[in-house]
Amino acid sequence: MISKAHTLVISPIGDPGLGGELLENLEQEIRKFFGLETDLRPLIEEQDLWPDPIRRQVHSTPVLETLSILSPPEALKVLAITKLDLFIPILTHVYGEAQLGGKACILSTYRFTDGLFPGKETFRCRIVKEALHELSHTFNLRHCRDPFCVMHYCRSMMEVDRKSNQLCRYCAVLLEDEMKRLAKAGTP
Amino acid sequence: MSGAKILVVDDELIVRKSLGGWLERDGHKVDTASSGEEALEKCGNTRYDILLLDIKMEGLSGLDVLKKVKENDPDVSVVMITAYGSIPSAIEAMKSGAYEYLLKPFDPDELMVLIEKIMHHQAERRETQFLREQYKERTRFESMIGQSRALQSVFDLIERIAPTDSTVLIKGETGTGKGLAARAIHTKSRRSQGPFVVVNCGAFPEHLLESELFGYQKGAFTDAKTTKKGRLELAHGGTLLLDEIGEISMRMQIDLLRVLEDHIFYRVGGTQPIEGDFRIIAATNRDLERAIKEGSFREDLYYRLNVISFSMPPLRDHKEDIPLLAEYFLHRFAQETNKPVDQISRAALDEMMLYDWPGNVREFANAMERAVVVGQGRKILPQDLPIFRPEYVSGPKGRTLREVEIEHLGSILKETGWNVSRSADILGIDRSTLYDKMKRYALRKPV
């Protein structure tokens with residue numbers, strides 16, 4: 001039986017501070033990048049995220065588990081976006097987290113305004129690149145050392161600005177492999 | 001070689017899960033342990049490059065684990081994870097051989113830079129070890145020796161395939177002489193006047209392997225002060241042996257596939273295509289078909305490499321060559337060490353024939369070298385051989401090879417205090433092979 005999971009669900013948590021236009025643009029970019037249907041649909045509320053009382057940040061790993069459970073049947077992957085700062089234990093912070101080869105990923109816009117007041121376009125580019133980055137992890141792609149590849153792990157916003165919103169040729173092959181594997185398995 | 005093999009040891013599930021996931025996304029292979037005891041058990045079965053070890057745990061502390069791990073395998077790099085209050089213990093850990101300590105919570109960049117640094121150091125160490133081995137191989141195994149049917153059929157095959165320009169895949173256990181077979185193919189081919197270039201794919205981290213193979217343009221990266229030719233370019237007109245092909249990363253597999261398809265490549269940072277004229281021979285001791293099933297090796301690359309393939313037989317399958325090999329190595333080492341040894345006793349030869357030689361010809365050569373060095377008279381006696389056990393002088397009657405091997409491995413491990421590196425050296429096999437055998441036979445250090 002062919003699975004119904006064929007859609008990439010983009011799930012804003014509360015108001016991620018992007019505005020309707022940017023969200024719409026993000027959805028378009030994701031659709032173009034993966035060649036899959038997208039759907040903008042909130043799955044959890046901001047009050048469902050419980051910031052750690054001492055760190056005042058949200059531990060992202062349990063959020064991913066919740067997203068996986070709440071994802072609708074047609075969702076192949078789910079990308080959540082929040083304006084809250086994320087962390088995983090023993091690390092000071094993370095920009096986002098993804099289930100490698102799994103269903104869910106999350107992106108925080110909290111640190112995307114680092115630097116000297118980024119312009120609207122710079123901010124948009126950062127969101128798009130890191131959203132593609134996190135979603136690609138769910139397609140089993142790991143970090144890439146090519147500084148221009150979207151899968152490059154960036155240590156600063158300057159590095160995010162420098163990288164492109166495309167995959168390098170290696171990562172492109174690996175994504176194609178994963179898409180073929182999913183197609184063989186009945187999804188997408 | 002892609003990411004590192006990392007063991008995260010922490011008694012908090014959430015730390016293991018989150019940190020493990022983060023490291024996996026960074027391309028590393030991650031395993032976790034919830035206690036010091038579990039970590040030691042895992043280290044007994046698997047070889048890790050890096051241990052991320054929490055200092056404070058119930059039961060065995062991180063410090064205890066560090067000491068035991070370093071005792072067994074000094075090459076493993078251990079990073080201690082500590083809270084602010086435990087800094088004195090972290091300093092003590094550094095004195096006991098920890099590579100570094102991280103104060104939690106730490107910046108993800110800090111962890112990433114540290115792991116890169118460790119991988120770089122480990123790669124340098126492996127490369128040095130490889131060059132030493134290569135030097136030894138050159139002086140020891142100038143030619144392949146054997147009259148057995150198993151080896152003769154390999155020689156026949158080499159004669160037949162050498163004149164073709166087809167890609168060859170040589171399989172076989174460690175120490176069986178895959179490199180020698182590749183060199184023989186080159187020597188007998190029309191490329192024999194050209195270079196024979198060897199790359200040990202397992203010895204380099206991904207980015208170093210890329211610049212080793214493809215070379216780089218001046219300015220391609222910070223250290224690229226001048227343009228450097230890669231080994232593909234250096235092999236022009238000759239043969240390129242890609243040893244340990246099973247160890248290369250997915251990225252390198254994609255690059256190699258392109259090279260095999262059209263023999264065109266680019267230097268790192270270069271835009272000009274370079275066309276090379278070389279024959280590729282690949283060698284591996286890994287089961288590549290299994291690696292394909294596990295998703296760590298590309299099927300399309302495998303078929304490109306596997307145009308012609310053959311396996312080098314393990315020494316236990318051509319024991320009839322042992323007397324000939326023994327004679328060859330006896331004279332060779334007697335000459336090298338300037339010792340008047342020129343005979344092998346019947347009993348010593350019997351010992352050699354009874355033993356299984358898990359490290360194959362390489363182990364055999366090491367045993368002969370040791371026998372020549374430690375021997376007192378003109379004749380090699382059983383007690384001069386590292387494999388000799390008095391109770392077997394008349395042969396391990398009624399015992400299977402497996403039983404004999406288990407016992408021998410166990411006794412060498414015991415002799416070295418379960419130091420895997422030293423044991424592997426004595427046995428003439430590499431550490432990963434020894435780890436595999438320890439796992440297979442459930443050989444563990446008594447707690």
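Predicted model: local features only at pLDDT ≥ 70, side-chain atom pairs only at ≥ 80, totals over all residues.
**Helix 3 and the sheet, chain B**

Helix 3 lies across strand 1, strand 3 and strand 4 (77-82) of chain B. Its direction runs at about 155° to strand 3 of chain B. I took helices (H or I, at least four residues) and strands (E, at least two) as DSSP runs, numbered from the N terminus. Axes are lines fitted to C-alpha atoms, for helices over the stretch in contact, and angles run from 0 to 180 degrees between N-to-C directions.

Conventions noted: residues are numbered from 1 along each chain as its sequence is written, and chains are lettered from A and ligands numbered from 1 in the order in which they are written. Local features need pLDDT of at least 70, side-chain atom pairs count only at pLDDT 80 or more, and totals for chains, interfaces and linings use all residues.

Next I looked up the strand order. The sheet in chain B is open, has 5 strands in the order 2-1-3-4-5, and pairs in parallel. Strand 2 and strand 5 (100-103) of chain B are at the edges with a single partner strand each, so one side of each has no neighbour in the sheet. Neighbouring strands of this sheet are turned by 20° against each other on average, direction ignored. Two strands count as paired if DSSP finds at least two bridges between them.

I then followed strand 1 of chain B. It is joined to strand 2 of chain B by 5 bridges, and to strand 3 (residues 50-54) of chain B by 4 bridges. V9(B) stands opposite A33(B) in strand 2 of chain B, and V8(B) opposite L52(B) in strand 3 of chain B. Strand 1 of chain B has 4 of its 5 residues buried, so it is largely enclosed by the rest of the structure. Buried means 20 or more other C-beta atoms within 10 Å of a residue's own, exposed means 12 or fewer, and partly exposed lies in between; C-beta atoms are placed from the backbone.

**Helix 2, chain B**

I checked which residues of helix 2 (residues 36-45) of chain B are buried: G36(B), A39(B), L40(B), C43(B) and G44(B). They sit on the same side of the helix because they cover an arc of only 140° around the axis. The arc is that of the directions from the helix axis to the C-beta atoms. Their cover includes strand 1 (5-9), strand 2 (29-33), helix 3 (62-72) and helix 18 (431-440) of chain B.

**Cores**

The largest nonpolar core has 80 residues, and L79(A) and L51(B) touch the most other members. Strand 4 (residues 75-82) of chain A gives the most to this core, with 6 residues. I defined such a core as a set of buried Ala, Val, Leu, Ile, Met, Phe, Trp, Tyr and Cys residues joined through C-beta atoms within 7 Å. Not counting residues up to four places away in sequence, L51(B) touches L7(B), V9(B), V69(B), V76(B), V78(B) and V79(B). Contact here means C-beta atoms, placed from the backbone, within 7 Å. A second, separate core has 39 residues, A182(B) and L232(B) among them.

**C154(A)**

Last, I looked up C154(A), in the loop between helix 3 (120-138) and helix 4 (157-162) of chain A. C154(A) counts as partly exposed because it has 19 C-beta neighbours inside 10 Å. Leaving aside neighbours within four places in sequence, C154(A) is in contact with E159(A), V160(A) and K163(A).

Terms used
Contact = placed C-beta atoms within 7 Å.
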